[in-house]
Amino acid sequence: VNTSTIKTLLFFTQVLALLPSLGISVPGSLSGASEVSSFSSLAIPGISCVWKGYDELSSFWSGWTLFLAIVTLVCCGNAIRTRFWGRSGTVTAGLIFLVTAFYLPLSSLVLRSLRCEWDSCLGESFFVSMPHLSCETDRAVAVRVMAWVLVFVFVLGVPVCLGWVLWRARRSRGRLEDPEVRARIGQLYLCYTEERWWWEASVTLRRLLIAASASLIPMESGITPFALFLFFLVSMELQRALQPYRSVQENRLEFGTLLFLEVNVVGVFSLGVSERSWARQFVAALLVVLDVSWILVLAGVSVRGVAIRLRAKVDAVELDTPLVAEERREG
């Protein structure tokens, strides 16, 4: 199954969920709509019960708990299906999909755990992602150590690893066309043109820059909206000029996603500076309608792609039946 459209859908909802990180007050209707994408951002409050007694750590570890649980289920399911690890490459492919699809929210969780903000009322600083945990306690040291380990292993390690894997496979002549390689890492390059085989690494780098700008830049600085505006503008121009996907539809969906995110950044910024309530309500309602409509478009295309793929598999199985084989021999 082509996972590029599914990743585009997740990317769109994950960036929407990061809008509150811009430091701009968002009306209730828009903030409520952004909560719809909380699942794709791994912001699941219910999982905090796993960390009962560590409430200040729950917001940080609930996302990682869900991610590790999903990874474990995928590994176990594919191991049972293939009877031993890596037989058909489905385990590797499943892990790559999970890591790349949820790289943005997980990186944001890690990077936000490194930032502290000063509370003038209490006279001490607290973690942004864990507002009940002081940055001056012994537990804060442990959080920083774990966060820095994840920064090097996951946040920085994933883009470097993906780039290295693609470069190594590309360096070996004909390696990218090998059936085993296609089964394992094909989702990293098969949807792109031959000249843009490296584009998945740049997409991961894009997610890293978004997570860093939304997590590390102080809210009161007001720089984040302008940084994201310029970032999405440059991304749209690169997408239009390079056309990295093989499919015209996927190129259009990627460009449309970047365009709608640009509209969201401008719209949310206008909500923060507008003083007229009717204007704020109109802009918020317009953004909700646009976002929900685009999510439905991406979801519809994804479901249609999966349905076509399943139908093709069913047809292939039907063609391999003994009756069909016998008819072929008689013909």
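The following questions and answers concern a predicted model of a protein.

Q: What makes up the secondary structure of the protein?
A: The protein has 13 helices and two strands.

Q: Why is Phe-260 called buried?
A: Buried means under 20% relative accessible area. Phe-260 has a relative accessible area of 18%, so it counts as buried. This residue lies in helix α11 (residues 248-273).

Q: Which residues does Phe-260 touch, leaving out those up to four places away in sequence?
A: Phe-260 touches Phe-12, Leu-290 and Trp-294. A contact requires heavy atoms within 4.5 Å. Phe-260 and Trp-294 are 34 residues apart along the chain, and their C-alpha atoms are separated by 8.0 Å.

Q: Why does Val-141 count as partly exposed?
A: Partly exposed lies between the limits of under 20% for buried and over 50% for exposed. Val-141 has 48% relative accessibility, so it is partly exposed. Val-141 is part of helix α6 (residues 138-155).

Q: What makes the nonpolar surface patch that includes Val-141?
A: Val-141 forms the patch together with Val-145, Trp-148, Val-149, Phe-152, Val-153 and Leu-156. The patch covers about 700 Å². Members of a patch need over 30% relative accessible area, and Val-141 has 48%.

Q: How do you know that helix α5 (residues 103-112) is largely enclosed by the rest of the structure?
A: Ten of the ten residues of α5 are buried, and therefore the helix is largely enclosed. Among them are Tyr-103, Pro-105, Ser-108 and Arg-112.

Q: How many of the 331 residues of the protein count as buried?
A: The share is 43% of the 331 residues.

Technical notes: Residues numbered from 1 in each chain as written. Predicted model: local features only at pLDDT ≥ 70, side-chain atom pairs only at ≥ 80, totals over all residues. Heavy atoms only, no water. Buried < 20%, exposed > 50% of the residue type's maximum accessible area, 1.4 Å probe, protein only. Helix = DSSP H or I, 4+ residues; strand = E, 2+ residues; numbered from the N terminus. Patch = residues over 30% accessible without salt bridge, like charges linked within 9 Å, V, L, I, M, F, W, Y side chains within 5 Å. Areas by Shrake-Rupley, 256 points an atom, 1.4 Å probe, with all protein chains shown as cover. Salt bridge = Lys/Arg side-chain N within 4 Å of Asp/Glu carboxyl O.
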